[in-house]
Amino acid sequence: MAKNIKVKPGKTQSLIGFISGLVFIGIGLFVAIPNFGLFGIFWTLIACVITGTNAMNAFGKKGVSMYEVNIENDSSSDIEERLIQLDSLYNQRLITKEEYDQKRKDILEDI
């Protein structure tokens with residue numbers, strides 16, 4: 001049985017992305033649009049999308065996942081291996097603390 005975990009960036013990473021996005025929106029409004037016209041508008045719209053996505057991740061509860069991690073759970077896998085794999089995902093910041101706690105609970109319930 002396989003399980004897909006949707007992964008979103010951490011709050012700190014999203015906050016940095018949000019602040020950087022605001023800077024790029026400013027560059028778009030005051031530099032890119034006046035000097036480059038249509039390209040400046042495109043630049044500013046992309047900066048708005050990136051800023052909005054990061055704002056949702058930084059300040060929202062759900063946020064926007066950036067990718068999925070597929071965890072294979074076959075009957076031959078060892079509980080210890082599954083916990084080590086889960087720790088690795090958490091230490092690499094690919095899953096949140098809440099996702100880590102829930103999955104760890106699920107794994108331990110399989111014992």
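Predicted model: local features only at pLDDT ≥ 70, side-chain atom pairs only at ≥ 80, totals over all residues.

Reader: Start with helix 2. What span should its 22 residues have, and what do the end C-alpha atoms give?
Author: Helix 2 covers residues 38–59.

Reader: Which residues of helix 2 are buried?
Author: Gly-40, Thr-44, Ala-47, Thr-51, Asn-54, Ala-55, Asn-57 and Ala-58 are the buried residues of helix 2. They cover an arc of only 160° around the axis, so they sit on the same side of helix 2.

Reader: And what do the buried residues of helix 2 pack against?
Author: They pack against helix 1.

Reader: What is exposed on the other side of helix 2?
Author: Leu-38, Phe-42, Leu-45 and Val-49 are exposed there.

Reader: Zoom in on Ala-55. Why does it count as buried?
Author: Its relative accessibility is 17%, and buried means under 20%, so Ala-55 counts as buried.

Reader: What does Ala-55 touch, beyond residues up to four places away in sequence?
Author: Phe-18 and Gly-60.

Reader: How far is Ala-55 from Ile-25, C-alpha to C-alpha?
Author: The two C-alpha atoms are separated by 14 Å. Along the chain, Ala-55 and Ile-25 are 30 residues apart.

Reader: Over to Ser-14. Where does it lie, and is it buried or exposed?
Author: Ser-14 lies in helix 1. It is buried, with a relative accessible area of 0%.

Reader: Which residues is Ser-14 in contact with, leaving aside neighbours within four places in sequence?
Author: Pro-9, Asn-54, Asn-57 and Ala-58. Asn-54, Asn-57 and Ala-58 are among the buried residues of helix 2.

Reader: Now strand 1. What about Ile-5, buried or exposed?
Author: Ile-5 lies in strand 1. At 9% relative accessibility, it counts as buried.

Reader: What does Ile-5 touch, not counting residues up to four places away in sequence?
Author: Ile-5 touches Tyr-67, Glu-68, Val-69, Ile-71, Ile-95 and Glu-99. Take Val-69: it is 64 residues from Ile-5 in sequence, yet the C-alpha atoms are 5.1 Å apart in space.

Reader: New topic, helix 4. How does its span work out at 1.5 Å a residue?
Author: Its 13 residues should span 18 Å. The end C-alpha atoms are 18 Å apart, which agrees.

Reader: Which residues of helix 4 are buried?
Author: Tyr-100, Lys-103 and Ile-107. They cover an arc of only 75° around the axis, which puts them on the same side of helix 4. On the other side of helix 4, Glu-98 and Glu-109 are exposed.

Reader: What is phi of Arg-93 near?
Author: Phi of Arg-93 is near 60°, a positive value in a residue other than glycine. Most residues other than glycine have a negative phi.

Reader: Where is Arg-93, and is it buried or exposed?
Author: Arg-93 lies in the loop between helix 3 (79–91) and helix 4. It is exposed, with a relative accessible area of 71%.

Reader: Last one, the largest pocket. How much space lies in it?
Author: About 590 Å³. Of the 21 residues lining the largest pocket, Lys-8, Pro-9, Gly-10, Thr-96 and Glu-98 are the closest to its centre.

Reader: Which elements give two or more residues to that lining?
Author: Strand 1 (2–7), helix 1 (11–36) and helix 4 (97–109).

Reader: How many lining residues fall in each class?
Author: The lining has five nonpolar, seven polar and nine charged residues.

Terms used. Residues numbered from 1 in each chain as written. Heavy atoms only, no water. 1 Å grid on protein atoms, 1.4 Å probe; cavity = no way out; pocket = protein on both sides within 12 Å on 5 of 7 lines; lining within 4 Å. Points joined across faces, edges and corners; volume = space filled by probe spheres on them. Helix = DSSP H or I, 4+ residues; strand = E, 2+ residues; numbered from the N terminus. Nonpolar A, V, L, I, M, F, W, Y, C, P; charged D, E, K, R; others polar. Expected span 1.5 Å × (residues − 1). Buried < 20%, exposed > 50% of the residue type's maximum accessible area, 1.4 Å probe, protein only. Arc of directions from axis to C-beta. Contact = heavy atoms within 4.5 Å.
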